Amino acid sequence: MIEPGELADRLSDIEPTAAADPGSIVVVHAPGRVNLIGEHTDYNEGYVLPIAIDRGIAIAFVPTQDRRVTLTLAATDETTSFDLDAIAPRRGHWIDYVAGTAWAMAEAGLGTQGFRGVLGSDLPQGAGLSSSAALELASALALSGGTAPTSDLMQLARIAQRAENGYVGVQSGLMDPFASAHGREGAALLLDCRSLEYRPVTLGLDDVALVVADSGSPRRLDRTAYNERRAQCEAAVAAIARTHPGVRSLRDVTPAMLADCAGSLEPALARRAQHVVEEDTRVLEAAAAMEAREHARVGELLLESHASLRDLYEVSSPELDALVDTAMAVDGVFGARLTGAGFGGCTVDLVRRDAIDRLSEAISTRYAAQTGLVPRMFEVLPSTGARRVDGWH
Ligand code: GLA
């Protein structure tokens with residue numbers, strides 16, 4: 001957990017106006033997310049089932065009168081700034097997510113204000129736990145003085161997505177900022193990415209736990225490969241629509257239609273489409289099974305999802321496969337799968353509480369010996385969404 005008071009102290013060390021008036025310091029926090037199931041379905045108008053987690057990004061800041069945003073990383077002391085009235089193109093740097101959010105807010109007609117801040121994170125970066133959306137959401141709150149720039153949280157999520165699509169250059173879907181904005185304690189969020197309707201799915205994590213294992217191998221090639229997957233889905237839709245004119249996205253495609261088009265669809269496109277069509281069904285089934293506390297069934301669905309991401313969507317990695325195999329050899333683990341975009345990053349495991357220590361032991365010995373990498377494992381708790389943090393002064 002990031003200590004708001006410590007971040008505020010760091011700010012006071014470097015910013016005289018914060019030291020002179022500590023009461024003016026505002027702290028905002030936005031969580032990362034773990035997606036339980038529904039991978040690469042969001043940009044295909046399908047279903048996702050993420051949770052916002054008890055780790056994220058916090059910014060302690062004081063608003064400034066000029067139009068400059070200046071931010072220091074608590075971990076390294078690196079300081080970067082930009083001018084809200086002259087936002088330059090992306091630099092390939094973490095500040096892009098802040099500048100991109102300011103850019104998208106302005107595009108949406110929302111006001112922004114300058115601030116001087118310190119950023120703290122307890123989210124492993126580039127590990128597929130959505131540090132980018134967390135940074136965008138925390139930035140949006142800081143850029144509007146500490147409260148959400150709009151009371152419509154879906155609009156807020158869309159602004160963060162727009163920052164990523166239009167400024168950072170990743171064609172990501174809505175899931176990550178949606179989860180970071182809407183997070184609920186104790187629940188996952190079942191989102192229909194077509195209608196944008198969503199509902200909480202209570203998780204009842206008393207005798208079971210959600211455990212994240214970080215493979216220690218950063219995501220590779222993710223931007224290029226991610227955008228390529230998205231383009232392949234669009235190409236599959238265009239090809240299927242030639243036979244089935246009502247089809248607008250993979251959400252409209254049924255297994256029967258896929259079978260119909262099997263002969264005419266390029267094999268790679270057919271594999272991508274099959275993953276998405278089947279994954280959508282798995283999400284709905286997993287949400288129902290989770291609510292019914294049928295953990296063995298949820299576990300099976302997680303494993304099916306992983307296999308599909310490995311074989312059909314082709315976004316797994318040897319390290320992620322090894323993490324899943326290691327976990328599944330442990331008694332008391334119901335299921336495991338890669339979470340997020342893939343190409344490295346983390347897995348999420350559904351585990352009986354009494355098996356957590358065994359799992360930790362297996363991952364830190366077997367996986368490490370197999371790959372030479374240092375994995376990290378931690379339990380995640382479904383937590384509240386982006387907010388101003390009060391009560392720490
Ligand atoms: C990344 C993107 C999301 C989603 C996942 C894959 O996290 O940001 O929009 O597409 O990959 O499910």
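Reader: Two strands pair if DSSP finds at least two bridges between them. With that in hand, which residue of β3 stands opposite P31?

Author: In β3, G56 stands opposite P31. Strands here are DSSP runs of E with at least two residues, helices are runs of H or I with at least four, and both are numbered from the N terminus. The model is predicted, with local features needing pLDDT of at least 70, side-chain atom pairs counting only at pLDDT 80 or more, and totals for chains, interfaces and linings using all residues. Residues are numbered from 1 along each chain as its sequence is written, and side-chain values use heavy atoms, with hydrogens and water left out.

Reader: How many bridges join β1 and β3?

Author: Nine bridges, with β1 (residues 26-35) and β3 (residues 50-63) antiparallel. Both belong to an open sheet of six strands, ordered β5-β4-β6-β3-β1-β13, with mixed pairing. β5 (79-83) and β13 (387-389) are its edges; each has a single partner strand, so one side of each lacks a neighbour in the sheet. From one strand to the next the twist averages 30 degrees; angles are taken between N-to-C directions on a scale from 0 to 180 degrees, using axes fitted to C-alpha atoms, for helices over the stretch in contact.

Reader: Which helices lie across β1, β3, β4, β6 and β13?

Author: Helix α1 (residues 4-14) does, running at about 140 degrees to β6. α4 lies across those strands too, at about 155 degrees to β1. Contact means heavy atoms within 4.5 Å.

Reader: And how do α4 and α5 cross?

Author: The axes of α4 (residues 131-143) and α5 (residues 153-168) come within 10 Å and cross at roughly 120 degrees. That makes the two helices oblique to each other, the class left over once angles under 35 degrees (roughly parallel), over 145 (roughly antiparallel) and 65 to 115 (roughly perpendicular) are taken out. S132, E136, L137, A140 and L141 of α4 meet L156, A160 and E164 of α5.

Reader: What about Q161, buried or exposed?

Author: Q161 sits in helix α5 and counts as buried because its relative accessibility is 14%. Buried means under 20% relative accessible area, exposed over 50%, and partly exposed in between, with a 1.4 Å probe and protein chains only. Beyond its neighbours within four places in sequence, Q161 contacts S172, G173, L174 and P177.

Reader: Now the other sheet. What is the strand order there?

Author: The order is β10-β11-β9-β12, an open sheet of four strands with antiparallel pairing. β10 (333-339) and β12 (376-380) are at the edges with a single partner strand each, so one side of each has no neighbour in the sheet. Neighbouring strands are turned by 25 degrees against each other on average, direction ignored. Five bridges join β9 (residues 208-214) to β12, and D214 has R376 in β12 as its bridge partner.

Reader: Where does α10 lie?

Author: α10 (residues 295-311) lies across β9, β10 and β11 (346-352), at about 35 degrees to β10. Its buried residues include V298, L301, L302 and L309; among the elements covering them are β9, α9 (267-291) and α11 (318-328).

Reader: How far apart are the end C-alpha atoms of α10?

Author: They are 24 Å apart, which agrees with the 24 Å that 17 residues should span. The expected span is 1.5 Å times one less than the number of residues. α9 has 25 residues and reaches 36 Å, close to the 36 Å expected.

Reader: What follows α9?

Author: R293, whose phi is positive, near 55 degrees.
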